[in-house]
Amino acid sequence: MYWRFKYRFDGKEKLLALGTYPERSSVDARQDRDAARRMVAVGVDPSAARKAQKDARSDANANTFEVIAREWHRRYLNTWSSETARDKLARLERNVFPWLGKRPIIEIKPHELTVVLQRIADRGVLETAHRVKYVCGQIFRYAVQTGRAERDVTADLRGALPPVKVKNYAALTAPKDVAQLLRDIGSLQTCFPVMCALRFAPMLLVRP
């Protein structure tokens with residue numbers, strides 16, 4: 001047995017389903033009916049409003065961060081090496097999807113992403129946090145380009161992570177150290193292009 005509300009809108013008779021009995025009590029059905037009546041009174045079609053809400057929920061489920069991220073990954077898969085593609089997806093699966101994957105991408109706020117990035121940095125892998133932030137920015141920009149987000153929220157995260165400290169490798173200047181380096185290069189067993197590059201380097205004094 002169904003609860004139904006019959007009404008007229010724009011001169012047409014319509015019927016709105018309000019649930020089934022006894023799963024939905026008469027009290028609940030009456031409340032829904034009264035709400036629908038108020039919508040009709042102000043010129044809103046309850047059936048159209050319900051469909052719009054359903055479509056909005058469907059769009060939200062189809063446009064979650066994880067769905068769009070995986071779509072972005074497939075879109076650019078052929079532009080990366082297999083190792084790079086694997087690393088990008090693995091970082092997302094480990095660090096982002098468990099917390100933001102099911103969220104509609106258009107609803108994600110900068111502070112939510114900040115929490116995710118800080119969680120990574122707190123594990124002592126600051127460079128990974130920066131890499132994840134960069135990848136998330138690419139995903140948000142892809143969502144903007146495909147009409148499923150309004151902006152790249154990572155633009156608001158400048159300074160949210162401390163910079164990565166870069167270690168400088170000083171040039172060898174002592175003759176004994178340079179001699180050992182040349183011996184190491186000469187004895188290294190590797191592929192032919194790398195071997196040639198290493199042996200040319202000390203002759204041409206190129207930067208690394």
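This is a predicted model: local features need pLDDT of at least 70, side-chain atom pairs count only at pLDDT 80 or more; totals for chains, interfaces and linings use all residues.
Let me start with a helix contact, in which Lys88, Arg91, Leu92 and Asn95 of H4 meet Thr128, Arg131, Val132, Val135, Cys136, Gln138 and Ile139 of H7, where contact means heavy atoms within 4.5 Å. By class, the residues of this contact between H4 and H7 are five nonpolar, three polar and three charged, with Ala, Val, Leu, Ile, Met, Phe, Trp, Tyr, Cys and Pro counted as nonpolar, Asp, Glu, Lys and Arg as charged, and the others, Gly among them, as polar.

Residues are numbered from 1 along each chain as its sequence is written, and side-chain values use heavy atoms, with hydrogens and water left out.

Two packed helices are described by the angle between their axes and the distance between the axes. For helix H4, residues 82-95, and helix H7, residues 126-145, the axes come within 10 Å and cross at roughly 100°; axes here are lines fitted to C-alpha atoms, for helices over the stretch in contact, and angles run from 0 to 180 degrees between N-to-C directions. The helices (H or I, at least four residues) and strands (E, at least two) are DSSP runs, numbered from the N terminus. H4 and H7 are therefore roughly perpendicular to each other, on a scale where angles under 35 degrees count as roughly parallel, over 145 as roughly antiparallel, 65 to 115 as roughly perpendicular and the rest as oblique.

H4 also packs with H3, at an angle of about 175° and with the axes 11 Å apart, which makes H3 roughly antiparallel to H4. On the H3 side the contact is made by Phe65, Ala69, Arg70, Trp72 and His73, and on the H4 side by Ala85, Lys88, Leu89, Leu92 and Glu93. The residues of this contact of H3 with H4 divide into six nonpolar, one polar and three charged.

Staying with these two helices, I would like to look at one residue in each. Glu66 lies in helix H3, residues 65-76, and counts as buried because its relative accessibility is 16%; buried means under 20% relative accessible area, exposed over 50%, and partly exposed in between, with a 1.4 Å probe and protein chains only. Not counting residues up to four places away in sequence, Glu66 touches Phe97, Gly101 and Lys102. Arg94, in helix H4, is exposed, with a relative accessible area of 55%. Leaving aside its neighbours within four places in sequence, Arg94 is in contact with Trp99 and Arg123, and its C-alpha atom is separated by 9.8 Å from that of Ile120, 26 residues apart along the chain.

Turning to helix H6, residues 110-121, we find Ala121, which is buried at a relative accessible area of 17%. Ala121 touches Leu126, Ala129 and Leu161, again not counting residues up to four places away in sequence. The C-alpha atoms of Ala121 and Pro162 are separated by 9.1 Å, although the two are 41 residues apart along the chain.

The structure holds one cavity of 30 Å³ or more, where, on a 1 Å grid over the protein atoms alone, a cavity is a set of points where a 1.4 Å probe fits but cannot get out, a pocket is an open set with protein on both sides within 12 Å along at least five of seven lines, and lining residues have an atom within 4 Å of a point. The largest cavity has a volume of about 30 Å³, and is lined by Thr114, Leu117, Gln118, Ala160 and Leu161.

The second largest pocket has a volume of about 170 Å³, and among its lining residues are Leu16, Asp32, Met39, Pro46 and Arg50. Strand S2 (12-20), helix H1 (26-41) and helix H2 (46-62) each supply at least two residues of that lining, which divides into seven nonpolar, one polar and two charged residues.

Finally, two points of backbone geometry. Most residues other than glycine have a negative phi, and most peptide bonds are trans. Asp10, in the loop between strand S1 (2-9) and S2, has a positive phi near 55°, and at 70% relative accessibility counts as exposed. The peptide bond from Tyr21 to Pro22 is cis, with omega near 10°, and Pro22 is placed in the loop between S2 and H1.

Definitions and conventions:
Grid points are joined across faces, edges and corners, and a volume is the space filled by probe spheres set on the points.
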